[in-house]
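The following exercises concern a single protein chain and are each followed by a worked solution. Please consult the sequence and the structure while working through them.

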Amino acid sequence: MVFLIYILVLLLYVFGREIKMKNAHDWNSRYQTLTQVPQSSQVLSAYTHLLPSKGKALDLASGLGANTVLLAKHGLETYAWDYADTALVHLQAHAKKHKVLIHTECRDVVVSPPLPHTFDVIVVCHFLERSLVPFLIDALKPNGLLFYQTFTRCKVSTSGGPQNPVFRLADNELLHLCQKLQIIVYCEEGNVGDIKKGFRNEALLIGQKC
Ligand SMILES: C[S@@+](CC[C@H](N)C(=O)[O-])C[C@H]1O[C@@H](n2cnc3c(N)ncnc32)[C@H](O)[C@@H]1O
């Protein structure tokens, strides 16, 4: 019986590892052709004034670094972590073009989340790993800020974001996930009112660690 459980655990571990490696491989393949750096996310571009003027910032699951360069230009010591090394190569070139220094690291953030009390700012955009949120809150220094923006299940158009609802937020889920933080900004417009206007298909939150 013990032997069977051992085999089962081993199989689950190997299977899980394979899926992770496949996912990183898939993202790397996408970044072979997808090289255009997207615009910085609303949660940062509309609330840049909330950023501290100095300190350490992490763009977690940065991809091509839509937000990384904005953080560095703001004067923060900026780190970008992603498990797709191809994206990080593009990101370094992009940073060089903008004459800013950034620290990139090819890292599986689920396996190796940031250590406690290490960052003044953490930005997460278009990436949802619910189990990671408590680690992100721990990783903030006192008064540190979490900027989070990602897709919601409630959407007014089919474009953008993952098809699988598991990777999209349920109603007010981001608010619940971050309830240990003091909420500074929260926006989730759903399908209320004139759906041709406003911030749709996504939710955004800025929270401060007290
Ligand atoms: C949709 S992209 C978002 C990129 C960027 N944050 C943005 O908003 O443009 C998701 C990113 O998450 C990265 N990613 C997914 N799972 C990861 C993991 N476990 N560790 C590190 N990066 C991961 C992918 O490689 C990809 O670059």
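Throughout, a residue is called buried when its relative accessible area is under 20%, exposed when it is over 50%, and partly exposed in between, with a 1.4 Å probe and protein chains only. The model is a predicted one, in which local features need pLDDT of at least 70 and side-chain atom pairs count only at pLDDT 80 or more, while totals for chains, interfaces and linings use all residues. Residues are numbered from 1 along each chain as its sequence is written, and side-chain values use heavy atoms, with hydrogens and water left out.

**Exercise 1. Salt bridges**

Solution. 

Step 1. The criterion is a side-chain nitrogen of Lys or Arg within 4 Å of a carboxyl oxygen of Asp or Glu.

Step 2. Arg 200 pairs with Glu 189, with 3.7 Å between the closest N and O atoms. Both partners sit in the loop between strand 6 (182–187) and strand 7 (202–208), eleven residues apart. Helices (H or I, at least four residues) and strands (E, at least two) are DSSP runs, numbered from the N terminus.

Step 3. Glu 173 and Arg 130 form another salt bridge, their closest N and O atoms being 2.5 Å apart. This pair links distant parts of the chain, 43 residues apart: Glu 173 belongs to helix 6 (residues 173–177), and Arg 130 to the loop between strand 4 and helix 5 (133–139). Glu 173 is buried at 14% relative accessible area; Arg 130 is partly exposed at 26%.

Step 4. Asp 120 and Lys 141 also meet through their side chains in a salt bridge, at 3.5 Å from N to O. Asp 120 is in strand 4 (residues 119–125) and Lys 141 in strand 5, 21 residues apart. With a relative accessible area of 19%, Asp 120 is buried, and Lys 141 is partly exposed at 26%.

**Exercise 2. The largest pocket**

Task: State what volume the largest pocket has and why it lies between domain 1 and domain 2.

Solution. 

Step 1. On a 1 Å grid over the protein atoms alone, a pocket is an open set of points where a 1.4 Å probe fits, with protein on both sides within 12 Å along at least five of seven lines; lining residues have an atom within 4 Å of a point. The largest pocket has a volume of about 1400 Å³, a volume being the space filled by probe spheres set on the points, which are joined across faces, edges and corners.

Step 2. Its lining comprises 42 residues, of which Trp 27, Ala 61, His 126, Phe 127 and Leu 128 are the closest to the centre.

Step 3. Helix 1 (2–33), strand 1 (56–60) and strand 5 (140–151) each contribute at least two lining residues. The greatest contribution, seven residues, is that of helix 1.

Step 4. By class, the lining contains 19 nonpolar, 14 polar and nine charged residues. Here Ala, Val, Leu, Ile, Met, Phe, Trp, Tyr, Cys and Pro count as nonpolar, Asp, Glu, Lys and Arg as charged, and the others, Gly among them, as polar.

Step 5. Domain 1 (1–33) and domain 2 (36–208) both supply lining residues, so the pocket lies between them. The domain bounds come from an automatic or database domain assignment.

**Exercise 3. Helix 4 and positive phi angles**

Task: Compare the span of helix 4 with its expected value, and identify which residue just after helix 4 takes a positive phi.

Solution. 

Step 1. Helix 4 (residues 85–97) has 13 residues and reaches 19 Å from its first C-alpha to its last, close to the expected 18 Å. The expected span is 1.5 Å times one less than the number of residues.

Step 2. The buried residues of helix 4 are Thr 86, Ala 87, Leu 88, Leu 91, His 94 and Ala 95. An α-helix has 3.6 residues a turn, so residues three or four places apart point the same way.

Step 3. Just after helix 4, Lys 99 has a positive phi of about 55°.

Step 4. His 126, though not a glycine, has a positive phi of about 60°. His 126 is located in the loop between strand 4 and helix 5 and is partly exposed at 39% relative accessible area.

Step 5. Asn 143, which lies in strand 5, is likewise not a glycine and has a positive phi of about 70°. At 52% relative accessibility, Asn 143 is exposed.
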